[in-house]
Structures are given as C-alpha cells and as structure tokens.
Amino acid sequence: MSSTSIDSLLHEKRRFAPDPDFAANAVAGTELYERAADDRLAFWAEQARDLVHWHRPFTETLDWSKAPVARWFGDGELNVAYNCLDRHVLAGHGDRVAIHWEGEPGDTRSLTYAELTVEVKRAANLLASLGVGQGDRVAIYLPVIPEAVIAMLAVARLGAVHSVVFGGFAAESLRARIDDAGAKLVITADGAYRKGKVLPLKPAVDAALAAGETTVEKVLVVRRGENEIDWTAGRDLWWHDEIAPMSDEHDARGFEAENPLFILYTSGTTGKPKGILHTSGGYLTQVAFTHKNVFDLKPESDVYWCTADVGWITGHSYVVYGPLANGATQLLYEGTPDTPHPGRWWELIEKYKVSIFYTAPTAIRSFMKLGREIPQKFDLSSLRLLGSVGEPINPEAWVWYREIIGGGTAPIVDTWWQTETGAIMISALPGITTTKPGAAQVPLPGISVDVLDEEGAHVGKEAGGLLVLTEPWPSMLRGIWGDEQRYKDTYWSKFANTYFAGDGAHLDEDGDVWLLGRVDDVMNISGHRLSTMEIESALVSHELTAEAAVVGAHDDTTGQAVVAFVILKGRLAGTVTPQEASDLLRAHVAEQIGAIARPRQVFVVEELPKTRSGKIMRRLLQDVAEGREVGDTTTLTDTSVIRIISDTMK
Ligand code: 6R9
C-alpha cells in the first residue's frame, strides 16, 4: 500500500441479497451492464433515444475533441420542459398526478400533468413578456412550493438558464450568485414557512439588489407567507397578477442539446462557491435513466418522494427533471421534518402511500436520535424502496433505515454523485445488487470509475485512495460559469484526462466502492491517513450516539489528533455525564477500529454545523478544535451552533 493511500479500518460484513419477488419485477436488468460494457457510447445513445423526445434526432453521440468540455448528442435538438410535460399529456397521461404538494401548515395542492403543463405554458409566456429569451439567466429564490418547479420549467422551456438559490441563503450569498450569473430576473416569494413561522424572503432580495448597480431588471414575487414586504414600483411584480392574463398556449421549440439548462452554485464545504454549468440533452438523458433504474420506477403505480430542497442538485435532478421526464407521481413537501410534530414525514408517507423514498443520512441520523417509537406510530408499509444521498451513510444508520423505515425488506440504494456529475454515478441497482451497509458499491452501467493513489496508479482491491471518473458521461458539468481555468484546475489537473472527484474511496475484496468522505477531510495521525467517515461510523455504532463529526486537529506528538464532536440520542443523553460519555466513546472507537483511531477528545454537543444539504462542515469544527477564528460561514444553516460548540469546549 502506498504511503499516500487512505487506511481503511472499518470492517462491515453484513450483506443483503435482493428479494426474489422484487428481482422478478425489477425495472433494471443485468443486460444494462452487459450492453454498456460492450459499447458504452451506443448504450448512452440508446438511452437518449429511448428516454428523451428529440425535436431533431441526433446522429453524433459524443464529441470529446475539446476535452474537458464534452458535447453529447451535439447535433440533436430538444426542449427539456416539453419532455417533462407536454409529451406525457400527448401520450394520454394528462390526468396522472405529477405533484402532490403539501405545505408546512398542512395546506395542499395537487397538479396533474395536464395542469402542470398549462401552468408552465402560462409562466413561459409571462417570462417571455418580461424579455426572457434563450441564454438569459434567471435567479430563482423560492421555497419548496409548486411555483418553484413551474418557474424552473418555464425558464427551461424558453431555452433560458436558471440559477436556483437556496431560500435559506442570506442577501450577501444571493447577491454574489446573481452577480456571478448576471441574472436579469429574480423570481422569489414574500416569505416561506419554516418551523411554524414565516421566514421572509423578499427582504433578502431587496437587500441584495440595494447593494450597488445590478443586472436585475424585474423581481417577480409569489405570494406565500403573506408577510408585509416593501415594494419597488417599476421593478417588483406580483406573480399572480402578471400570470392571470397569460395565454395557456405556448409552443415549445427545440434547442440544441448543448444549450445551457442551469447554473447551480455548489453547496461547497470550503472555498468560494462555483457556478456549475449543466446543459440539456445529456443531462436529461442521464437523470431520466438513473431515476428510472436506480429507483425502480413504475410510473403508473408508484408515489415517489425525494425530500431534497429544489435549491440543491438533488432537487434539480430528482425532484424536477428526472421524475417529471419519467412521468412519475411525486410528493413535494415545503417544510422541515419536525414541524408541527416529529412524526411529520412518516405521517406524509402514510397519507400519500409513498412507495419510493429518497433522503439524506443526516435526516436518518436525526430520526435515530429521536427513537424508533416515532416512525413506528405510522403505517409505512407502502414503502418498497429507500434511497440515500449526500454523504457516506454510516452502516448503523443504514441498518436502522432498512429495519425501522423499510420494514426490513425494502432495498436501499446508496447513491454517490455530485453537483458536478449531475446524476447518480455509483449505486446498487435494486433487484440486482447484493447490498452492503455503508457502501455505494458499483458504478452504474455506462459509468467508468477508478480509485487511484497520489501518483495516479490504480490502488487494487482492499486499498484506499482517490475516487476518479475515467470516461466522460452524459450529465457531466460543462464547466464553471465564467471560469474555464478553474474548471480545468479543480477537476482535470490532478490526473491526465481523468476527472478528480475530491472524495476518498476504498475498494473492498469484491472491488466495490466505499466512499470515505472529502479528501480535504482526511486526517494524518502518526503517518496513518484515516478517513473521518470510518471513525464517525464507529462512534455512531455506540448506543449512546446519534450523530458524530470527527476532525484532525494539530497535535505536537502525532502531527494530528482525532477530535470528535458527538450528539447523544435524546433518551440517553441524561443517563451519562459528558465525561462518562467521552470515556465510553473513546474506548469504543479503540475497540472497534484500533487504538490509532482513539479520539484525543470527545465533545458532547447539541448540534453540528451543516450546509443546507446536510453536510457537516468539518472545516469549521477544525477551526474550533484548533482554537482558530472560524472561517467562512456563509453556507452554514445556523451560525449560532459554532458559538455554542466553542462554549462547550471552554
Ligand atoms: C448529490 C450531492 C457532493 C459530495 C460528494 C461526496 C458526498 C454525496 C454520497 C456522498 C458518500 C454518497 N456524497 N452522496 N458520499 N456516499 N452516497 O450530494 O451533491 O451537494 O454537490 O455533494 O457529497 O463527498 O463529493 P453535492
């Protein structure tokens, strides 16, 4: 093993073979792997023809002559919104529900494909009347309400480019994204419901636009919170007033396959946010392919629910484009999981008979903290498939998810991908793969993955290193908006002709991939390179722990030392003192994975600093652990957690 590889300490041996009944009815078959292995480009061309409607068919599959900028299906033309709407209506599915929406206060709205198509046509007419055309950028700063989906699709229908900004970001972050993209229109709401209160949104837009000259000409405001807002005459327009007179006729014209579809700024746990650029044909092909096969979608009978905010890539690919391209029926929920009560999500699954459920490990761990009694009050028997995304899922959380939420039978797909990859890249296929708790496992058909050491050599089985993608894929990013050099430097400079993902990974004895977290987070303890993920999993495997974050902090003797921050399970928190918890957990880690990984310190905390998509911001914890001033917190959900954690350590 090379000195730069990552040492793996976790030994998870549980295996779950596919259920024969599930396998017999599964959407995906092993022939997908065979076809893709046989001719990768022909495989993707077949998927593109099968899953996407082309206004003008393509003849060319991939042009990689301008690498690392790819052209997929380059001479084809399509309309992304038409693919998500009109064609389903024309195929006779107009009466199928596209979206069951539930607001946080319990108000509801259902839109069939026919109704959603009409709404998007009217919105497209409205945007066109405001001067939005092909290539123009539109910033969308909305809560998870149907208008967010309608606005995104209306922008796409016109061949314009959306940049969705999380409703939780403050004025400064919003302004930076508006400026970087040069947006001419902002679509927002007066306010959003969050934890039982109205969170004002429009004032953040006002503040953002007040800070000097701007490219923004108009602000469209959806009424949602009914909170008092200021109004700038001539600039601000109410969505409902403007859309009322709009025609519900709108012809979707074809745009070239490489027409930009959206810019999305990475949630980024470090550094200035990057405007990741995605285009149309390849993106739509791969999100539709993965949504269908990874989630075993049966559009006539399934009710699908992805809990992601539309402001995250998961919301783009697996709330908007993938499910709607596939004609799925889905649930869209505005609020947080615990409002007005901690069983809210399970209540929604029971109410809508959700069959496919896709969420993040951070949510699963927070439910584990509250205890199984809460989900067990609800009928979750409609669930037949569970997905996980956003972080490595600790084996204990995986098993809990399967047993308590999935009734011990629903297969789990742990899906590895990134804003940059656009769609799922590494995942089990349900009905085919024997799953392993904690591992994303296998590259999807048509995807080429490897794990390399620092010198670029394949690490071999039972070894760890850096995850790379060795061939271009249809939904790959086409660049960083306005910064081609940064695109090359960030992803393509470490290894020749190979995409560097920035994640550590381990290959097991079967050659399956186990993700180890961001390479930036790898610790070096007395010369051993250890992943934060494995020590966190060991901490979470103790009955006291609900959630854990581990960082490497400077240590005079060992170079770095392991410092852990843990949240205890609610019902056990009062049973031990912080000192007792620390002693127990330090001993537990040493016993589970070895003395080298024993934390120098374990701090019991109430919360951990996270990004909006639930990723732990270990950099900030490292600042705290090393007694430094805490760095950039603009993407942090709640800045007070850092102060609280610092206080705990005094
Ligand atoms: C989709 C999304 C990307 C980073 C990625 C990795 C982590 C996501 C994961 C996972 C292990 C999984 N990540 N899914 N790590 N197993 N199933 O999360 O996009 O917000 O851009 O983050 O998230 O570290 O590099 P994004």
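**Exercise 1. How many cavities of 30 Å³ or more does the count come to?**

Before starting, note that this is a predicted model, where local features need pLDDT of at least 70, side-chain atom pairs count only at pLDDT 80 or more, and totals for chains, interfaces and linings use all residues. Residues are numbered from 1 along each chain as its sequence is written, and side-chain values use heavy atoms, with hydrogens and water left out.

*Solution.*
- Step 1: set the rule. On a 1 Å grid over the protein atoms alone, a cavity is a set of points where a 1.4 Å probe fits but cannot get out; lining residues have an atom within 4 Å of a point. Grid points are joined across faces, edges and corners, and a volume is the space filled by probe spheres set on the points.
- Step 2: count. The rule gives three cavities of 30 Å³ or more.
- Step 3: take one of them. The second largest cavity holds about 40 Å³ of space, and its lining includes Leu-78, Ala-156, Phe-255 and Ser-280.
- Step 4: sort that lining. It has seven nonpolar, four polar and no charged residues (nonpolar: Ala, Val, Leu, Ile, Met, Phe, Trp, Tyr, Cys and Pro; charged: Asp, Glu, Lys and Arg; polar: the others, Gly among them).

**Exercise 2. Describe the largest pocket and find which element gives the most to its lining.**

*Solution.*
- Step 1: a pocket is an open set with protein on both sides within 12 Å along at least five of seven lines. The largest pocket contains about 1300 Å³ of space.
- Step 2: its lining has 50 residues, and Arg-194, Lys-195, Thr-336, Pro-337 and Arg-612 lie nearest the centre.
- Step 3: elements giving two or more residues include strand E9 (191-194), strand E17 (329-333) and helix H14 (361-370). Helices (H or I, at least four residues) and strands (E, at least two) are DSSP runs, numbered from the N terminus. H14 gives the most, with six residues.
- Step 4: the lining divides into 26 nonpolar, 13 polar and eleven charged residues.
- Step 5: follow E9 onward. Four bridges join E9 to the antiparallel strand E10 (residues 197-200), with Gly-191 opposite Pro-200. Two residues separate the strands of this hairpin, and Lys-195 in the turn has a positive phi of about 55°.

**Exercise 3. Work out the strand order of the open sheet of seven strands and name its edges.**

*Solution.*
- Step 1: two strands pair if DSSP finds at least two bridges between them. The order is E5-E4-E17-E16-E18-E19-E20, with mixed pairing.
- Step 2: E5 (108-112) and E20 (412-414) each have a single partner strand, so one side of each lacks a neighbour in the sheet.
- Step 3: E19 (residues 385-388) pairs with E20 in the parallel sense over three bridges, and Leu-386 has Ile-412 as its bridge partner.

**Exercise 4. At what angle do helices H2 and H3 pack?**

*Solution.*
- Step 1: axes are lines fitted to C-alpha atoms, for helices over the stretch in contact, and angles run from 0 to 180 degrees between N-to-C directions. H2 (residues 31-38) and H3 (residues 40-51) pack at about 125°, with their axes 5 Å apart.
- Step 2: classify. H2 is therefore oblique to H3 (under 35 degrees is roughly parallel, over 145 roughly antiparallel, 65 to 115 roughly perpendicular, the rest oblique).
- Step 3: list contacts (heavy atoms within 4.5 Å). Among them are Leu-32 and Arg-35 of H2 and Phe-43 and Glu-46 of H3.
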